[in-house]
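Student: Could you take me closely through one part of this model, the packing of its helices? I'd like the cut-offs along the way, please.

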Amino acid sequence: MTTTIESLPTELLTEIIREASLGCWTGVKTLKSCTLVCKDWREPAERTLYGSLSFRNDKSAQAWLASTRRAHFPVKKLAMYRYIHSSLGCQVIAACPALAKLDVFGGNLLGWRSQPQAQSVALATLKYFITCD
């Protein structure tokens, strides 16, 4: 019996796509290309692509929050860099209910001290991660 790519189980296709994007500096480009192969590849490739996100500035975080596709894919890993304003960072965290790992690089988020709400959301998030370990 011959197996075609169309007959592969979704779990196997997802694993193949994930492996193809690992250990490669062009991983995101590879995943984006996989979304364009055919309709059967789009969902597993997007699930892998959106499963781990990194925001280096407000513009990228705002674009993701405005995306209509983001609701379909749970973010499990999130990295935010120092040039994200704290209120926007909190919106991003709140939009990631399946988050399992949060990294904040380069010091405090901008406006951290002037945003008590941002502090409480971030502290609640950190407490959640500490209790989940």
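Tutor: The axes of α1 and α2 come within 8 Å of each other and cross at roughly 145° (lines fitted to C-alpha atoms, for helices over the stretch in contact, with angles from 0 to 180 degrees between N-to-C directions; helices are DSSP runs of H or I, at least four residues, and strands of E, at least two, numbered from the N terminus). This is a predicted model, where local features need pLDDT of at least 70 and side-chain atom pairs 80 or more, while totals for chains, interfaces and linings use all residues. Residues are numbered from 1 along each chain as its sequence is written, and side-chain values use heavy atoms, without hydrogens or water.

From α1, Ile17, Ala20 and Ser21 meet Gly27, Thr30, Leu31 and Cys34 of α2 (contact: heavy atoms within 4.5 Å). By class, that contact has four nonpolar, three polar and no charged residues (nonpolar: Ala, Val, Leu, Ile, Met, Phe, Trp, Tyr, Cys and Pro; charged: Asp, Glu, Lys and Arg; polar: the others, Gly among them).

Of its 16 residues, Phe55, Trp64, Leu78 and Val92 touch the most other members. Apart from it lies another core, of seven residues, among them Ile17, Leu31, Trp41 and Ala45.

Terms used. A nonpolar core is a set of buried Ala, Val, Leu, Ile, Met, Phe, Trp, Tyr and Cys residues joined through side-chain atoms within 4.5 Å. Buried means under 20% relative accessible area, exposed over 50%, partly exposed in between (1.4 Å probe, protein chains only).
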